[in-house]
Amino acid sequence: MIGRTAGRLGPVAAAVVALAVTLAASAVALVLGGYDPAAAYGALLRGAVGSPSQFLSISLVRATPLILTGLAVALAFRSGIWNIGAEGQLYAGAIAGAWVGIHGSGLPPAVVLPAVALAAGVAGCLWALIPTLLKVRMGVGEVITTLLMNFVGIHLAAYTVHGPMQEARGVFPQTDLIAEAARLPRLIPGTRLHAGFILALGLALLIWLVMRFSVYGFQVRAVGASPAAAAVAGRIRTRRVVVVTFLLSGALAGIGGGVEVSGVTYALYENFSPGYGYTAIAVALLAGLHPLGVVATGIFFGALEGGAGAMQREAGIPAVWVNVIEALVILAVLAVDRAVRRLQVGRKPDGDADSPEPARARGARTLSLEGT
Amino acid sequence: MCLRFRPIPRVQDDLPVKAEGSGSHRGRSSVQLVDIAKRFGPLVALDGVHLTAVEGEVHAVLGENGAGKTTLMNVLAGMLRPERGRIVIEGSEAHFHTPREAGAAGVGMVHQHFTLVPDMTVLENVALGVRSAGRGFRFPRDRIRRRITDLIHRTGLAADPEAFVRDLTVGGRQRVEILKLLFRDPRILVMDEPTAVLAPQEVSQLFEILRSLAAEGRTVLLIAHKLDEVLAVADRVTVLRDGATVLTAPRQEVDPGVLARAMVGRPLATVERSEEEVEGDSVAQLSGVWVAGARGEASLRGVDLVVRRGGIVGVGGVEGNGQRELALVLSGRLSPDRGTASLPDDSGLIPQDRCHEGVIPEFSLTENMALALHRRPRFRIGPLLRWALIRDETRVAMLRFGVRARGASTLAGTLSGGNQQKLIVSRELSRRPDLLVAENPTRGLDIAATEFVHREIFELRAGPIPNAGRGRAGLLESTRVSGHRPGVVLISTDLDDVLALSDRIFVMVRGKLVEVPPEMRNREGMGSLMLAGGASEGRRGESAP
Amino acid sequence: MDAATASAFLEASVRLGVPLALAALGEVVTERSGVINIGLEGSIIAGALGGALGALAWSSPLGGVGAGAMAGAAVAAVFALFAVVLNADQIIAGTAVTLGGLGATGAVYQGVFGATGTALTIPTLGSVPIPVLSSVPVVGPALFDQAVTAYLAYGLALVLWIFLFRTELGLELRAVGESPAAAEASSIRVRWTRFWATLFGGALGGVAGAHLALAYAGTFAQGMSAGRGFIAIAVVVLARWNPGGVLLAALFFGVASALQFFLQALGLDLPYQLFLALPYVLTLAALAGWLGRSRAPSALALPWPPH
């Protein structure tokens, strides 16, 4: 799907075109709203990369959960799973990570830090398990179920910080701070950049290697490209690939939540995530679902969101405008993808264009679920 | 472009019944196609087609797959716009932009792939898109039912207006398609390969209907690629080859030899079938296998079958009688609900739906080969794939099977249908299977590719290796060189394929496998078995509810 | 539970169910044409803001409803431009439209009313009791002493049922959703039909949003749609793509949402955050049950022409 076409145009070229379209469209909207786009983008840029320490402390720190959730979305989309639930899975991971971090005092970091990540990953996994089971056992589409699970996750986090995990003082709706040992070390003194960023880079590299060189990665790509051909020609157990990939995707998003607690906030509180799990969709799509591309687009969106505060302060543009830019990025990626496809139709030597058979696509989906 | 607002032409409310006998209209030109050209990207589909049909005739458009027949008819029916040439309908030049415009001019088409809504009734399907009641408000169900009943009486096309299309047999669906077309009262009817899905006896029934429609003064354009059918029904024949008209003549002036040469440009080659029975060891065995279909009814109903190494089992039958499930069960892609299946570990399957199950169009040739090879230990190291080896194997397979592509990293979706099929055949044999199942392996292929597939399947049989020095040696893992032979099951709706290649022949009827005795191994014999099996069950959905 | 409490509880359930019903009724039409509009949430929030601003501008709550419908349709038009005209993936386009809708309404709201968003006082839709019917004990006040938007939902359920199953246009729309190939072969304009069905769904989503702002909250708040667009899509599944079923399914969720207030009123010491999650959990549970297995239009979410 999307990544593949981008691959033919050159993924970087496709992303650049999509970005240019987005910034232009956003500028038009800003002008219509009576703002000065140049001032807006200037403030945004200064806020994001104005100084090295700003870039490291704001943009890269913000990029870390975006890369992790972006990887979650890219992996799921690549296998044809519409996991729109990275936000909920991130919350689940944050709750579990915070719990382990709070109760991990007295243990060495070498034990607590992996425990936090593991707990966060498992929690994200479990959060994805419900939509996974509904998909493969009941045939209920994951789009709606993952979206609904997001709301459940957000309310569950709110409940835990008001109830069972509320800080000992009982004043604010937040947990106690996690143990020192559960805090990710800072990479560069004087900045807030933490080791979670390295973890995100490592996971991106690992996933890229898996997708490219392993049997499992090949199966994921085959199931995503054509469930019917994967089952019939590849004899791939598509249902199993879907289950494993869905759960891995949930785990990645969960780790994103755990890392955010362990590296940045040191506590869980209400509305802990500014929508990382949704931004992740734009991150993954702009990257053409490529794991290494996700690193680049994750940093880009991290910088964008990091600079949004400065844009609001200096140019008076509400920071939520960044969400609009993210939506525009997704739409621009879709538009570029469609345009590339249209150009390619002319190059296709097959004459099949005049005998469309829509029933097949449906059949393919059914087979993928009911196959071995 | 799809959001234009245009007034919608209305269709006359009541069908004028043409009482005139045949002959009164003959001779007036009804369709003239002059020098039509159409290309899809670099592919030239049509280049200089001429065709003239007169009122009251059945006019066959003959040509092999890829000759441009369907493209030409889609141009006539307003689905495609030609780049060059003129369309003249009953004396006036036409420029169709949409099927609706073609319909308003009196041109209607029955497509090769049925275009009915399965979850709607016959009545709703027939009336769909015809705004008979004004601006599209009330659906005049009673009036439509009366008109359909009239049509059924007049034409003899049996159908129950209240039955759901999903419950109809393939033949029943085709009758609904024709009813739907006649409901719009076209003067020019285009039928795209209507016989492909019918049993031989149903074909003659259809031809009677086409003749009576012509006798009413309508023009019937029949797309076909089978000579005997054309000769049986047509008044006049136009032959297309490579997108151009190569012959047009009245029925009396042509014979099968003339038509075949015109179609192919050379005499047809045939594969000779050996009569000896194969005594190899059993590679696959089904006993009492039942499989439930999508809607709960059984699609395999107690199938017994033994496949022996080196033998070719042919399974004929009208599509939708359980062949799909048989292929999936035999090849291990589907577990039976009841009964036992003892099958080899890995078996090859050439699926009929090339583009959706055979290859992944967005994958390279190497990746498509990997669909089979990733299961074999030789091509992996633990959880990792040995892509270099897979790529080498792909290149060898491309050479050996003559897959024409720029390289192993070419995307499969850019290959022609014939080359995709060669890729699939080579991949399925690369599994080194004990069993190879082929489902309509020649559908949609041109003659050369069909011959290729026939030869490859045929040469898997037992016996001395034929034509060993054909110049395609030098293979690493050729089935033929290693002497490894699978048992083959050939499932096809094309009875000629089955008859030409198989050692043992079965007919699939309503989920049951009926062996064809030697004396019935011909089209008529198989046809009567196909119909006899169906008659005992009654026709679903076509009797009164 | 006495009659007054029961009536109040039922009244709250209906009031909470109405926006879901309105949005889901529109989505039934959209989905019957083969388009799943995940961007419905964006239409609802746009309808809420449009409704609030329209009611302010014209000092008329009904004007607000009209403005809400237009805002919802405008958001749906963006979605349709991508999902239908450009034939892009419906799920991704819908997700983007929802994100953009939430962001844009927030930005506009902050731009108009300042960064903190001063509390907005707008003309509200009062309830209009229907004579006789509203005096039936218990159910009367609950069902027939509501805002006009509630009556709109009741009426539309009937009208849309007749449209879908008793008119030629409805037959054509369903054919487009079941088999676009068959529809096209029958000279029906598939994308034209899908485009307008999507706009209609967006307009009703906008009315649902306007109802939230004008009849329910009496103000606009950022993100006040609170996932109702997604629940409405679930309501469509539970209603089996039938307008009649939508009213029942929406009432079910109205009851689930009203439960939190009711239980709080009973003085049960249960954390309200869990009750906020209840409608979503119940939706998941309902989808997991036999209701989730009903058959969707065959061509739902499939592009046309196929890629």
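Reader: Among contacts in chain A between residues at least 6 apart in sequence, what share joins residues at least 24 apart?
Author: This is a predicted model, in which local features need pLDDT of at least 70 and side-chain atom pairs count only at pLDDT 80 or more, while totals for chains, interfaces and linings use all residues. Residues are numbered from 1 along each chain as its sequence is written, and chains are lettered from A and ligands numbered from 1 in the order in which they are written. Two residues are in contact if their C-beta atoms, placed from the backbone, lie within 7 Å. Among the contacts of chain A at a separation of at least 6, the share joining residues at least 24 apart is 80%.

Reader: What percentage of the residues of chain A count as buried?
Author: The secondary structure of this chain comes to 15 helices and zero strands, where helices (H or I, at least four residues) and strands (E, at least two) are DSSP runs numbered from the N terminus. A residue is buried if 20 or more other C-beta atoms, placed from the backbone, lie within 10 Å of its own, exposed if 12 or fewer do, and partly exposed in between. Of the 372 residues of chain A, the buried part is 60%.

Reader: How many C-beta neighbours inside 10 Å does Leu289(A) have?
Author: Leu289(A) lies in the loop between helix H12 (276–286) and helix H13 (291–315) of chain A, and its phi is near 60°, a positive value in a residue other than glycine. Leu289(A) counts as buried because its C-beta neighbours inside 10 Å number 28.

Reader: Is Arg510(B) buried or exposed?
Author: Although not a glycine, Arg510(B) has a positive phi of about 45°, and its place is in the loop between strand S20 (504–509) and strand S21 (512–515) of chain B. With 22 other C-beta atoms within 10 Å, Arg510(B) is buried.

Reader: Which helix gives the most to the side of chain C that touches chain A?
Author: The contact takes 47 residues from chain C and 43 residues from chain A. The elements giving two or more residues to the side of chain C are helices H4 (90–113), H8 (180–185), H10 (228–238) and H12 (272–288). By class, that side has 32 nonpolar residues (Ala, Val, Leu, Ile, Met, Phe, Trp, Tyr, Cys and Pro), two charged ones (Asp, Glu, Lys and Arg) and 13 polar ones (the others, Gly among them). The most, 15 residues, comes from H4(C).

Reader: At which residue does H11(C) bend?
Author: Helix H11 of chain C (residues 243–265) has 23 residues and reaches 33 Å from its first C-alpha to its last, close to the expected 33 Å, which is 1.5 Å times one less than the number of residues. The bend is the angle between axes fitted to the seven residues ending at a residue and the seven starting there. Just after the helix, Gly267(C) takes a positive phi of about 80°. The bend in H11(C), about 30°, is at Leu259(C).
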